[in-house]
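My entries follow in the order I made them.

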Amino acid sequence: MKNLKRKQQRLIKSLPPFSRIIRGTFARYYLTCGKKQCRCHSGRKHGPYYYLGITDKGKTRMLLIPSGKEEVTALGVKLYRKLWGLLTQLSEVNRQLLWQEKGNQDKD
């Protein structure tokens with residue numbers, strides 16, 4: 001039980017700062033325009049353009065990330081994935097602790 005408590009505390013301490021978390025998918029696109037003679041139709045596409053893909057009410061939306069905010073957005077998405085991974089582990093540890101505590105109560 002002590003090992004699980006230590007693991008629980010370690011996981012809690014490693015949670016990323018909530019103020020930086022962004023739910024979504026970070027994507028980079030190179031696009032072609034509507035001008036037939038433009039360079040983008042012969043290989044040199046426009047871009048990169050950075051988007052944040054989010055699902056809201058069952059629909060996926062692509063939001064253009066403001067210029068200069070690409071790195072902070074990518075980091076926020078990465079921290080979101082890290083958060084969910086850590087929460088999954090923490091939930092499992094909490095479940096194990098609950099079952100161990102229940103087992104100890106049965107012995108009293």
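I began with Cys40, which is buried at a relative accessible area of 2%. Here buried means under 20% relative accessible area, exposed means over 50%, and partly exposed is what lies in between, with a 1.4 Å probe and protein chains only. This is a predicted model, in which local features need pLDDT of at least 70, side-chain atom pairs count only at pLDDT 80 or more, and totals for chains, interfaces and linings use all residues. Residues are numbered from 1 along each chain as its sequence is written, and side-chain values use heavy atoms, with hydrogens and water left out.

I took a disulfide as a pair of cysteine sulfur atoms within 2.5 Å. My count of disulfides in the structure is 0. Cys33 is accordingly in no disulfide. Cys33 counts as partly exposed, at 28% relative accessibility.

**Cores.** I next looked up the nonpolar cores, meaning sets of buried Ala, Val, Leu, Ile, Met, Phe, Trp, Tyr and Cys residues joined through side-chain atoms within 4.5 Å. The largest has 6 residues, namely Leu4, Leu11, Leu86, Leu90, Val93 and Leu97. At least two residues of this core come from each of α1 (2-13) and α2 (70-107). I use helices (H or I, at least four residues) and strands (E, at least two) as DSSP runs, numbered from the N terminus. The largest share of the core, 4 residues, is from α2. Another core lies apart from it and has 5 residues, including Tyr50, Ile54, Ile65 and Val77.

I then listed the contacts of Leu4, with contact meaning heavy atoms within 4.5 Å. Not counting residues up to four places away in sequence, Leu4 touches Val93, Gln96, Leu97 and Gln100.

**Thr73.** I found Thr73 in helix α2. Thr73 is buried, with 8% relative accessible area. Beyond four places in sequence, Thr73 touches Ile22, Phe26, Leu52 and Ile65.

**Rings.** How many aromatic pairs does the structure hold? I note 3 aromatic pairs. Rings of Phe, Tyr and Trp (its six-membered ring) pair if their centres lie within 6.5 Å; planes under 30 degrees apart are stacked, over 60 edge-to-face, and the rest tilted.

Phe26 and Tyr50 are a stacked pair, at 5.6 Å centre to centre and 20° between the planes. This pair links distant parts of the chain, since Phe26 is in strand β1 (residues 25-31) and Tyr50 in strand β2 (residues 46-56), 24 residues apart. I have Phe26 as partly exposed, at 27% relative accessibility.

Tyr80 and Trp84 are edge-to-face, because their ring centres are 6.3 Å apart and their planes are at 70°. Both lie in helix α2, 4 residues apart, or about one turn of the helix. Trp84 is partly exposed, at 44% relative accessible area.

I also noted that Arg95 lies over the face of Trp99, 5.6 Å from the ring centre. For this, NZ of Lys or CZ of Arg must be within 6 Å of the ring centre and within 35 degrees of the ring normal.

**Met62.** My last entry is Met62, in strand β3 (residues 59-64). Met62 is partly exposed, with a relative accessible area of 39%. Leaving aside neighbours within four places in sequence, Met62 is in contact with Ala27, Tyr29, Tyr51, Leu52 and Gly53.
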